[in-house]
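This briefing covers a metal site and a set of charged side-chain pairs. Please consult the sequence and the model while reading.

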Amino acid sequence: MTEWIDTHCHLDASEFGADAGSVRERARAAGVAHCVIPAVEVANFDTVRALAHQFDDRYALGIHPLYLAQAGDGDLLALDDALTRYRDDPRLVAVGEIGLDYFVPELAVSPLKERQEHFCRQQLQLARRHDLPVILHVRRSADALLRALREQAPPQGWRGIAHAFNGSPQQAKAFIDLGFKLGFGGAVTYERALKLRRLAAELPLSALVLETDAPDIPPHWLYVTAEQRAAGMARRPNEPAELPRIGAVVAGLRGMAVEALAVATARNAGEGLGVAF
Ligand SMILES: [Zn+2]
């Protein structure tokens with residue numbers, strides 16, 4: 001059976017609650033061999049680690065830009081501690097999810113703008129110091145992130161994934177040149193996403209990894225319009241089980257066999273995170 005890697009999946013999200021086990025089972029039945037579960041705040045470090053162990057998955061530890069309103073420098077110390085404590089845990093694969101978000105208006109202006117830049121820089125430094133790849137959240141912030149990455153590049157270069165990538169071809173190339181893989185998910189399934197679909201089609205195959213970002217970023221077949229919702233149609237959370245269908249869309253865009261795309265993207269995920277999937 002074709003095996004897929006979901007390189008970004010929030011299995012600990014409250015949308016899944018006590019159902020995480022059956023969500024993961026459905027994904028496995030659909031061919032998703034491994035998920036990477038990124039943390040978003042210190043409070044969920046233990047949960048993502050426990051889930052990764054329970055499901056034979058991988059995890060990342062970090063503080064997400066959307067979660068730092070209440071976070072302080074103590075949280076950076078807690079992250080440093082956790083990275084030290086779990087240094088020998090083969091399931092810990094990266095520092096993440098970290099990055100910059102200038103899409104959310106409050107985060108794009110003082111004081112949260114400086115605050116997220118501080119957290120991003122400090123966490124890049126931790127990744128360097130602990131010799132770990134990074135999983136990046138990039139929203140309207142590609143150039144600022146590229147600058148920070150260049151300034152702090154480790155001597156051997158970066159490794160990691162720019163998740164839910166949605167930048168220009170030039171920005172894509174810049175991330176790839178720095179050592180990153182680019183994550184594609186539900187957003188690429190919308191026919192109107194012309195630029196993103198073109199990027200997914202034309203990017204070097206070696207740069208491409210797949211993700212669902214579940215429970216967020218629903219593929220078009222799970223999308224429920226405001227009118228449908230008003231009419232009582234429920235929105236089903238996105239799940240890692242959708243990954244193979246997203247993969248089939250990407251394979252279609254690239255005009256390649258689905259199986260070959262699964263093999264290549266699994267290999268790329270392993271390369272980007274420094275593990276053998
Ligand atoms: Zn995420």
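Is E271 buried, partly exposed or exposed? With a relative accessible area of 44%, E271 is partly exposed, where buried means under 20% relative accessible area, exposed over 50% and partly exposed in between (1.4 Å probe, protein chains only). The model is predicted: local features need pLDDT of at least 70, side-chain atom pairs count only at pLDDT 80 or more, and totals for chains, interfaces and linings use all residues. Residues are numbered from 1 along each chain as its sequence is written, and side-chain values use heavy atoms, with hydrogens and water left out.

**Zinc site**
- H8 (NE2), H10 (NE2) and E97 (OE) coordinate the zinc ion at 2.1 Å; donors are N, O and S atoms within 2.8 Å of the metal (3.2 Å for Na, K and Ca), and sites may look incomplete because water is not among the atoms.
- The spacing of these donor residues in sequence is H-x1-H-x86-E.
- H8 and H10 are both buried.

**Salt bridges**
- The whole structure contains eleven salt bridges, each a side-chain nitrogen of Lys or Arg within 4 Å of a carboxyl oxygen of Asp or Glu.
- K181 and E271 form a salt bridge (2.9 Å, N to O).
- K181 lies in strand β7 (residues 180–184) and E271 in helix α10 (residues 258–273), so this pair ties together parts that are 90 residues apart in sequence; helices (H or I, at least four residues) and strands (E, at least two) are DSSP runs, numbered from the N terminus.
- K181 counts as buried, at 10% relative accessibility.
- In D177 and K173, the closest N and O atoms of the salt bridge are 2.7 Å apart, and both residues are exposed.
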